[in-house]
Amino acid sequence: MMRFLCIYKPAKREGTPPSQEEMTRMGKLIDEWFKSGRLISTEGCLPSALGARVRMTDGDFTLTDGPFTEAKEVIGGFALIRAESKQQAVEYTKEFLKIAGDGETEIRQLYEAPAK
């Protein structure tokens, strides 16, 4: 089994909270995935107005406080999942997006140290 980090970027305007029905459906999916061992961890993010970005260029730091206006820049949350392949992680992500709604999820396989 491999681990994948899934970073969700919703298409909805930031600050639009999910409906109670959406929360219930997502809660059911999360519960099922935890019980099956597919889901390791997941969290939603607070609005970007409460966040900041720190960048280093040539040894100098730049701080940018939120909010971040471009929708493609706003991370709604993440999940750490287990899957047998990237394709299986893609299929899990499609299942998630059917409940989460329009948006984009970046899938990144995590480094696994070789067994000694």
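## Overall architecture

Residues 24 or more positions apart make up 73% of the contacts in the protein with a separation of 6 or more, a contact being heavy atoms within 4.5 Å. The model is predicted, so local features need pLDDT of at least 70 and side-chain atom pairs count only at pLDDT 80 or more, while totals for chains, interfaces and linings use all residues. Residues are numbered from 1 along each chain as its sequence is written, and side-chain values use heavy atoms, with hydrogens and water left out.

The protein has two helices and six strands, and their order along the sequence is β-α-β-β-β-β-α-β. Helices (H or I, at least four residues) and strands (E, at least two) are DSSP runs, numbered from the N terminus. The C-alpha trace spans about 45 × 45 × 20 Å along its principal axes.

## Confidence

Mean pLDDT for the protein is 91, and 97% of the residues score at least 70; pLDDT is the predictor's confidence in each residue, from 0 to 100.

## Surface and burial

The accessible surface of the protein is about 8,500 Å², and carbon and sulfur atoms hold 54% of that. Accessible areas come from the Shrake-Rupley method with a 1.4 Å probe, and for residues only the protein chains shown count as cover. Of the 116 residues, 23% count as buried. Buried means under 20% relative accessible area, exposed over 50%, and partly exposed in between (1.4 Å probe, protein chains only).

## Nonpolar core

The largest nonpolar core has 15 residues, of which M26, L29, W33, I81 and F96 touch the most other members. Such a core is a set of buried Ala, Val, Leu, Ile, Met, Phe, Trp, Tyr and Cys residues joined through side-chain atoms within 4.5 Å. At least two residues of this core come from each of β1 (2-10), α1 (20-36), β5 and α2. The most come from α2, which supplies five.

Leaving aside neighbours within four places in sequence, I81 has contacts that include M2, F4, C6, W33, L39, I40, A89 and Y92, as well as R3 and R38.

## T93 and the cysteines

T93 lies in helix α2 (residues 86-100) and counts as buried because its relative accessibility is 8%. Not counting residues up to four places away in sequence, T93 touches C6, T105 and I107.

C6 is itself buried, at 7% relative accessible area. The closest cysteine sulfur to that of C6 is in C45, 14 Å away and too far for a bond. C45 is likewise in no disulfide, and counts as partly exposed at 42% relative accessibility. A search of the whole structure finds zero disulfides, where a disulfide is a pair of cysteine sulfur atoms within 2.5 Å.

Strand β3 lies largely in the open, because the number buried among its six residues is zero. Six bridges join β3 to strand β4 (residues 60-65), and the two run antiparallel; strands pair if DSSP finds at least two bridges between them.

T57 has D60 of β4 as its bridge partner. Two residues lie between the strands of this hairpin, in which D58 takes a positive phi near 50°.
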